[in-house]
Amino acid sequence: MAGQQTISYLTRRFREVGFEPVSRHGQNFLIDMNLQRLLVDAAQLDYDDVVLEVGTGTGALTALVAPQVAAVVTVEIDERLFQMASDELVDNANVTLLKFDVLKNKNHFDPRLMEVLGERLAAGSGRQLKLVANLPYSVATPIISNLLSSPHVPVMMVATVQKEMAERLIAQPGTKDYGALSIWIQSQCRVEIVRLMAPSVFWPRPKVESAIVRIDLEPERRSLVPDLEFFHSFVRGLFLHRRKLLRGVLHAGYKNQLTKPQIDNLIEKQGLQADARAEQLGIEAMLALCEAVRAEL
Ligand code: SAM
């Protein structure tokens, strides 16, 4: 079945097992096989790679990836899809299928996933992790964001996401899409939109447009962030109220640790105007401000 996920295949298979896709879990299956191959090609897979897939579905993408890599670890929340994929992938010895919600909560993965990834990565020298997935859209942001602060950080992530999210990933300062996600990802990675996709390439059709994105880890950029966890929550805090002035947000956020004059002074020292807003700051300026705050705490 590898690479042959057509509407007729899906409808027949789903009828056999009495399954109906639910939009709550983003069960929209990629039926354009050229795009499925484009997604895989963009990941430049290698026999040393360990691939994480979130959302196994029927296993079509998994089957395409498995012969090209050392191991695939794929997670599916839905019991019936897990069963269908297990049947399809029975001959793929390097595939590990897991059945649970990949997220324990918004900020953390299910620890069982990290354990399995750790084992697969340790099983050979030179192994590296890549995410290759048609992500369930409702959890795409936490999956991509959390991987950058997980024990196993991927060297590359290639995924289909909602177009709106792709635009936030590549957004530049001063634009409406620029926010905590743009800063968090771009502070450590290079991001590229590989292809925009119409709703018609999925079945059932989603209401929104999609995009294949490729996110490459840039270890040098990442090493410039001294405290990743602090930076992540700092940036998220600043964008909770994006219409407010930076000064006001910092006053409110650090009222128990820093006085108003301390914050005003800190903003001035960064060369920022008193009426600056978070959305105007590029990555470097944001990092410098974060470090200045961290040094005062
Ligand atoms: N990989 C398949 C493909 O390429 O067509 C299916 C992708 S479909 C867009 C997303 C899949 O993610 C669905 O099979 C859905 O059941 C699964 N899923 C949704 N939320 C999940 C979660 N929190 N953890 C694990 N799997 C999830």
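Which residue forms a salt bridge with Glu 79?

## A salt bridge across the chain

The partner is Lys 99, whose closest N and O atoms to those of Glu 79 are 3.3 Å apart, a salt bridge being a side-chain nitrogen of Lys or Arg within 4 Å of a carboxyl oxygen of Asp or Glu. The pair links distant parts of the chain, 20 residues apart, with Lys 99 in strand β4 (residues 95–99) and Glu 79 in helix α4 (residues 79–88); helices (H or I, at least four residues) and strands (E, at least two) are DSSP runs, numbered from the N terminus. By this rule, the count comes to 20 salt bridges. Side chains of opposite charge can pair when their charged atoms come close.

## How the model is read

This is a predicted model, in which local features need pLDDT of at least 70 and side-chain atom pairs count only at pLDDT 80 or more, while totals for chains, interfaces and linings use all residues. Residues are numbered from 1 along each chain as its sequence is written, and side-chain values use heavy atoms, with hydrogens and water left out.

## Around the ligand

A nitrogen atom of the ligand, in turn, lies 2.8 Å from a backbone N or O atom of Gly 55.

## Two backbone details

The peptide bond from Trp 203 to Pro 204 is cis, with omega near -15°, and Pro 204 lies in the loop between β10 (202–203) and β11 (210–217). Gln 44, a residue other than glycine, has a positive phi, near 40°, and its place is in the loop between α2 (33–42) and β2 (49–54).

Note on methods
A polar contact is a pair of N or O atoms within 3.5 Å; within protein, one must be able to donate a hydrogen and the other to accept it, and residues adjacent in sequence count only if both atoms are side-chain atoms.
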